[in-house]
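Please open the structure in the viewer and keep the selection panel at hand.

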Amino acid sequence: ARIRRCGILCHPTSFPSAYGIGDLGEGARQFVDFATMAGQTAWQILPLGPTGYGDSPYQPFSAFAGNPLLIDPVALAEEGLLTRDELEAATAPSDCRVRYGEVIGSKRRLLAAAYRRFPGAVSDLRSEMQAFREAQAAWLDDYALFMALKEHLNWAAWPAWEPELVRREPAALQTWRSRLRDEIGYHVFVQFIFERQWQRIHRYANDRSVSIIGDVPIFVGHDSADVWSHQELFYLDAAGQPTVVAGVPPDYFSPTGQRWGNPLYRWDVMARDGYAWWLHRLQRALSQVDEVRIDHFRGFVNYWEVPATEPTAMHGRWRPGPGRAFFEAVAQVMGHLPIIAEDLGMITSDVTQLREELGLPGMTVLQFAFDGDPANPHMPYNHVRRSVVYTG
């Protein structure tokens, strides 16, 4: 039987740091030490992706890449890639708030300086990056090109690029790959450094018996390398715009529902290759963390489809998700499913049945408990085994 565990949810952006945002350096190690000392054995984080719109980890430019803002500059200096003067110039006043506009600029300057010095780095580091580039090529090549193009084209969303690029015509991709070779190299370098630093923290936590719980949102952002490089897997028109988008219908949170705006998956197309893209996504996530919470688990049973022309989520329809077949395909390749199912909101019996059949823990929230209903499942005396209890 699995023992009871206790943990803390804390995203790396929250750690103390001299550089304007929490990072994967000393603050992260101090947090793990504190958690260990307090008897905590689980550390939960939000998605680690490169934040795009509204600086939200739930609208990243990639479901596979890491956030450059989390890179620890001190470690780069220790490896000879930054100078003490450059570190001092990037320090920010510590008032417990992240000023994203300033941090994005200062981190970019530091990472650009480190990239310029990288060719002179020790050969072990250079060969390590080459190995990383080859191992992660399936997502990294498209992501690095996508980011280089976005920067070059003034951050325009990809459907606004030239039609040949939108359609990903091989000649256009090749032309831009050679034209933006250095910029692409920069983004590969940044991902290599992120991965190296993150895995160091991951090992540090595991060595102290702290397992890391990651977060996998069911949907991805439209203006992302994921959608641009796999357009056939989403409901898009010829111009690359979504025809239908994700959301939830009106409920006790919102009288007009929630129109999230993410493009929806063509689950029938995904089923043809055994959900290969999703498998790759989960394998990538589980190479970085020990288990994952899947946000909006109910969407695998049925999901709310909203026409892209609708301003709210009021007028939509329920559509069937892939259901059990998806999880069986994942289990066939990965074996055990180290997944926590986010099953909050208006959950129907078929969603609960699938979760229980798969043996996945659901979520319980103390904040929802005290409404006077003795049968409320969030009440502490109604908690069941195989669930994860959150305060809020």
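What covers the buried residues of α14? The cover includes α13 (324-334), β9 and β10 (362-365), with contact meaning heavy atoms within 4.5 Å. This is a predicted model, in which local features need pLDDT of at least 70 and side-chain atom pairs count only at pLDDT 80 or more, while totals for chains, interfaces and linings use all residues. Residues are numbered from 1 along each chain as its sequence is written, and side-chain values use heavy atoms, with hydrogens and water left out.

**The helix α14**

Select α14 (349-358); helices (H or I, at least four residues) and strands (E, at least two) are DSSP runs, numbered from the N terminus. Val-351, Leu-354, Arg-355 and Leu-358 are buried here. They lie on the same side of α14, because they cover an arc of only 95° around the axis, the arc being that of the directions from the helix axis to the C-beta atoms. On the other side of the helix, Ser-349 and Glu-356 are exposed. Buried means under 20% relative accessible area, exposed over 50%, and partly exposed in between (1.4 Å probe, protein chains only). Next, select Gly-359, which follows α14 and has a positive phi, near 70°.

**A buried arginine**

Move to Arg-281 in helix α12 (residues 276-288). Arg-281 is buried, at 5% relative accessible area. Leaving aside residues up to four places away in sequence, its contacts include Ala-63, Phe-64, Val-216 and Tyr-265. Val-216 is 65 residues from Arg-281 in sequence, yet the C-alpha atoms are 8.9 Å apart. Display also the backbone oxygen of Ile-218, which the side chain of Arg-281 reaches at 3.4 Å.

**Salt bridges**

The whole structure holds 19 salt bridges, each a side-chain nitrogen of Lys or Arg within 4 Å of a carboxyl oxygen of Asp or Glu. Select Arg-196 and Glu-79, whose closest N and O atoms are 2.5 Å apart. This pair links distant parts of the chain, 117 residues apart: Arg-196 is in helix α9 (residues 181-207), and Glu-79 is in the loop between α2 (73-78) and α3 (84-90).

Finally, select Glu-86 and Arg-117, which meet in a salt bridge at 2.9 Å, N to O. Glu-86 belongs to helix α3 and Arg-117 to helix α4 (residues 100-117), 31 residues apart. Glu-86 is partly exposed at 21% relative accessibility, as is Arg-117 at 31%.

Notes. Polar contact = N/O pair within 3.5 Å; in protein donor to acceptor, adjacent residues only side chain to side chain.
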